[in-house]
Amino acid sequence: MRLVLPQAVYDDIVDHVLTGYPLEACGLLVGVPEQNGATQALRFVPSANLAVSALAYTIDPKVHLRAERDADDDDLAVIGVVHSHTHTDAFPSPTDVAAAPDPTWEYVIVSLRDPSPSLRSYRIQGDTVTETPVEIVDRSAQAEV
Amino acid sequence: MSDVVEATLPTVSIRIPMILRPQVGGAKTVDATGATLGALLADLTIRFPGVTSQVLTADGELHKFVNIYVNDDDVRYLGKLEAPIKSGDEVTILPAVAGGAF
């Protein structure tokens, strides 16, 4: 199992979470759900953090609604959610685990604790957290699925 | 008379989020009939009892971790379960997406 993240999508994510700092920032990942062990991210949909907090995030439901509809139109799906941890590790907190709605989603966390951002991704099934290796690929490269 | 009333009740498409699709046999959308959101959900319960328990609390209120839309509007601003439904509306159920650092 791995998450394939184009460099351009990675750059969009890092830009968004740095812009949101010192608050937590968040957004949704749209792409192709897991096939043959690979989940392919194709775009990042930034959201305002409705929690307006350095400790918590809430995706704007309107952004989620639009992202779902746009993804559906393109035969894609919302495959995960991205948020930043401004002062802690890139690991799901108890709140993240308790609030995780979908066991098939990737939960991407960008830690801004250290000078350079650290991005990691997880699946959360019940209270079990499993890290998903992230493969950052060149803009032009396609995932082998 | 009651036949006439029933014939005019709207049947609309409800978009089901990924997480609830197992409760509706894997379908992306299901049809339901009713003049209000509450009536739609009651109709849905007859065929798919698993969905409603995920969407409504034990007290029959909308669950706070679920967002439901009629077209582009959050039903919390349309009267919640009393939100009126008309023919051609599209209803979307989405999980709230939230978390935190601790």
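**From a loop to the chain contact**

Mentor: Pro22(A) sits in the loop that links α1 (7-20) and β2 of chain A, where helices (H or I, at least four residues) and strands (E, at least two) are DSSP runs numbered from the N terminus. The model is a predicted one, in which local features need pLDDT of at least 70 and side-chain atom pairs count only at pLDDT 80 or more, while totals for chains, interfaces and linings use all residues. Residues are numbered from 1 along each chain as its sequence is written, and chains are lettered from A and ligands numbered from 1 in the order in which they are written.

Strand β2 of chain A covers residues 26-35 and includes Gly27(A). Gly27(A) counts as buried because it has 29 C-beta neighbours inside 10 Å; the cut-offs are 20 or more other C-beta atoms within 10 Å for buried, 12 or fewer for exposed, and partly exposed in between, with C-beta atoms placed from the backbone. Leaving aside residues up to four places away in sequence, Gly27(A) touches His16(A), Phe44(A), Val45(A), Pro46(A), Ser47(A) and Val82(A), contact being taken as C-beta atoms, placed from the backbone, within 7 Å. Gly27(A) and Thr58(A) are 31 residues apart along the chain, yet their C-alpha atoms are separated by 9.3 Å.

Val52(A) is exposed, because 11 other C-beta atoms lie within 10 Å.

Strand β4 of chain A (residues 56-58) leads on to chain B, since three bridges join it to β6(B) and the two run antiparallel; strands pair if DSSP finds at least two bridges between them. One of the residues concerned is Ala56(A), whose bridge partner in β6(B) is Gly100(B). The contact takes 22 residues from chain A and 15 residues from chain B. On the side of chain B that touches chain A, the elements giving two or more residues are β3, β5 and β6 (98-100) of chain B. By class, that side of chain B has 10 nonpolar, four polar and one charged residues, where Ala, Val, Leu, Ile, Met, Phe, Trp, Tyr, Cys and Pro count as nonpolar, Asp, Glu, Lys and Arg as charged, and the others, Gly among them, as polar.

Notes: Contact = placed C-beta atoms within 7 Å.
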